[in-house]
Amino acid sequence: MNSFSIKGNVIDILKRNIFPAEITVHSGKILAIKNIEFTEDIKGYILPGFIDAHVHIESSMLIPSEFARMAVVHGTVATVSDPHEIANVCGMEGVKYMIENGKSVPFKFNFGAPSCVPATAFETAGAQLSIKDVEELLLSSDVKYLAEMMNFPGVLHADEMVMQKIATAHCLGKPVDGHAPGLRGEDAKKYIDAGISTDHECFTKEEALDKLRYGMKILIREGSAAKNFEALIELMNDHFENMMFCSDDKHPDSLELGHINQLCARAVVKGIDVYKILKAACINPVEHYQLDVGLLKTGDPADFIVVTDLKEFNVLQTYINGELVAENGVTKINSQPSSAINNFHCKRKTIENFSMPVVNSSKPMAVIEALDGQLITNKLLMQPKVENGFYVSDVENDLLKIVVINRYHEAPVSIAFIKSFGLRRGALASTIAHDSHNIICVGVDDESICRAVNLVVNERGGISAVSDQTEKIIALPVAGLMTNEDGYKVSADYSAIDEMVKQKLGSTLASPFMTLSFMALLVIPQLKLSDKGLFDGNSFTFVHQ
């Protein structure tokens with residue numbers, strides 16, 4: 001039975017109070033919190049641990065146990081995790097893999113039941129979850145909620161299958177997460193009235209206010225690609241009771257630098273009251289999702305952190321169930337052995353697979369415009385470059401070829417054009433391509449595209465970059481999404497390939513691989529590419545060039 005005491009300045013978030021105290025822990029729970037007289041040796045502030053209120057662990061390219069090793073260093077003690085990335089690849093086997101691997105370490109993963117697998121009928125996924133599968137997951141004590149309901153048209157039109165999933169979650173007393181980018185007014189009200197309680201997709205203050213007024217809770221998202229902190233943080237002044245922080249998708253190099261603690265520090269700089277910030281970062285997720293995470297009360301699980309101050313939130317220690325899991329920037333969680341599951345049946349490609357014959361050279365084509373720091377894209381009408389009767393990338397005008405390849409069975413390559421990647425040479429490819437995770441690649445010529453694609457095919461999943469004679473690959477053997485290697489090594493490898501894409505290939509994006517992964521995300525407007533063709537997310541139809 002582990003027993004210990006710790007002294008510090010205790011933060012009572014709800015009572016808006018700071019007082020010197022001694023916390024006694026026994027058998028993983030807080031036995032007592034005793035007020036003591038302040039002395040010079042009492043340093044540091046003790047508060048509940050941080051919680052990422054919505055994250056896809058898979059997007060870190062780390063299995064849950066490795067994600068935990070890195071997250072605890074920044075004071076994160078729990079996540080609300082949607083495993084629908086691996087579910088789209090491996091189905092129920094994938095969800096169960098995430099749950100079981102998460103149990104191998106002292107960290108509080110709280111997984112949801114993916115609500116939309118496959119995400120749409122307009123792409124090829126590796127698996128599907130039936131209503132029966134979703135019900136089975138929701139009945140499990142390991143599953144805390146129905147994960148983001150991306151099929152908002154299905155909600156608005158009262159689709160029978162969609163409404164049954166929502167009803168099942170409500171019947172079991174589990175909340176339903178939302179996903180409705182850009183939804184406003186009466187449509188937003190109808191979506192929320194269906195019983196959907198949160199949204200992490202707001203990219204304007206006006207949209208978030210609409211949803212808050214109708215009773216929805218808003219998550220401020222700041223990930224490696226989608227960054228909405230600046231647009232939404234002012235709302236915390238008046239709406240902190242109904243707001244939380246999340247990353248949604250976070251690459252390993254970004255996770256090594258910081259997590260929710262960074263958002264708290266940035267909010268302080270914005271002049272937000274620190275108690276409001278901590279209510280959103282530490283308490284609101286626990287209360288909303290009914291998590292088994294301690295809130296620094298007698299009898300609670302001993303989940304708390306010690307920070308240097310309430311401005312920078314540099315974490316000195318992290319405790320989970322009374323166990324010291326990180327101290328002074330070093331994780332105390334050991335790497336765990338793990339098996340790999342996958343679903344990859346794509347063969348190597350030839351350069352000819354990526355050629356695109358000219359159909360009508362005088363007609364402009366619909367082109368994707370990537371927006372740095374956003375999941376949404378613009379739809380442009382442009383005339384691609386033509387050589388010898390084929391459409392080719394136009395480096396000078398930053399109009400590059402983008403391809404998506406079915407990784408689950410052999411099929412024709414889907415080809416389109418994209419602007420704003422900024423590549424001057426080479427190509428980058430990935431088997432992380434939300435939500436179905438087919439192979440996606442952008443490049444300056446067909447040879448480079450073919451080389452980058454075949455690198456990930458050889459590994460049955462990964463991210464790659466090629467430039468002249470240089471090639472880099474990070475293999476992702478777990479579902480083509482994650483590696484079971486040490487998280488800090490993966491972070492270093494990712495930093496190296498990211499630098500290559502920016503320095504050698506010339507990408508102007510802050511997070512080129514993360515941005516690339518979302519160019520196949522059909523449920524986010526406006527224009528995206530699936531393995532079946534170019535897709536307009538506003539009209540929910542294919543674009544016929």
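In which loop does Asn406 lie? Asn406 is found in the loop between β21 (399–405) and β22 (414–419), where helices (H or I, at least four residues) and strands (E, at least two) are DSSP runs numbered from the N terminus. The structure is a predicted model, in which local features need pLDDT of at least 70 and side-chain atom pairs count only at pLDDT 80 or more, whereas totals for chains, interfaces and linings use all residues. Residues are numbered from 1 along each chain as its sequence is written, and side-chain values use heavy atoms, with hydrogens and water left out.

Asn406 has a relative accessible area of 2% and is therefore buried; buried means under 20% relative accessible area, exposed over 50%, and partly exposed in between (1.4 Å probe, protein chains only). The side chains of Asn406 and Thr124 are joined by a polar contact of 3.4 Å. A polar contact is a pair of N or O atoms within 3.5 Å; within protein, one must be able to donate a hydrogen and the other to accept it, and residues adjacent in sequence count only if both atoms are side-chain atoms. The Asn406 side chain also reaches the backbone nitrogen of Tyr408 at 2.7 Å. When residues up to four places away in sequence are not counted, Asn406 touches Thr124, Cys346, Ala411, Asn438 and Asp531, contact being defined as heavy atoms within 4.5 Å.

In helix α11 (residues 260–269), the buried residues are Ile260, Asn261, Leu263, Cys264, Ala265 and Ala267. The elements that cover them include β5 (50–55), β6 (76–81), α8 (229–232), β12 (243–246) and α12 (274–289).

Two packed helices are described by the angle between their axes and the distance between the axes. Helix α3 (residues 131–139) packs with helix α5 (residues 160–171) at an angle of about 15 degrees, and their axes are 10 Å apart. The two helices α3 and α5 are therefore roughly parallel. Axes are lines fitted to C-alpha atoms, for helices over the stretch in contact, and angles run from 0 to 180 degrees between N-to-C directions; angles under 35 degrees count as roughly parallel, over 145 as roughly antiparallel, 65 to 115 as roughly perpendicular and the rest as oblique. In this pair, Ile131, Val134, Glu135 and Leu138 of α3 meet Met161, Gln164, Lys165, Thr168 and Ala169 of α5.

Ile18, in strand β2 (residues 17–26), is partly exposed, with a relative accessible area of 34%.
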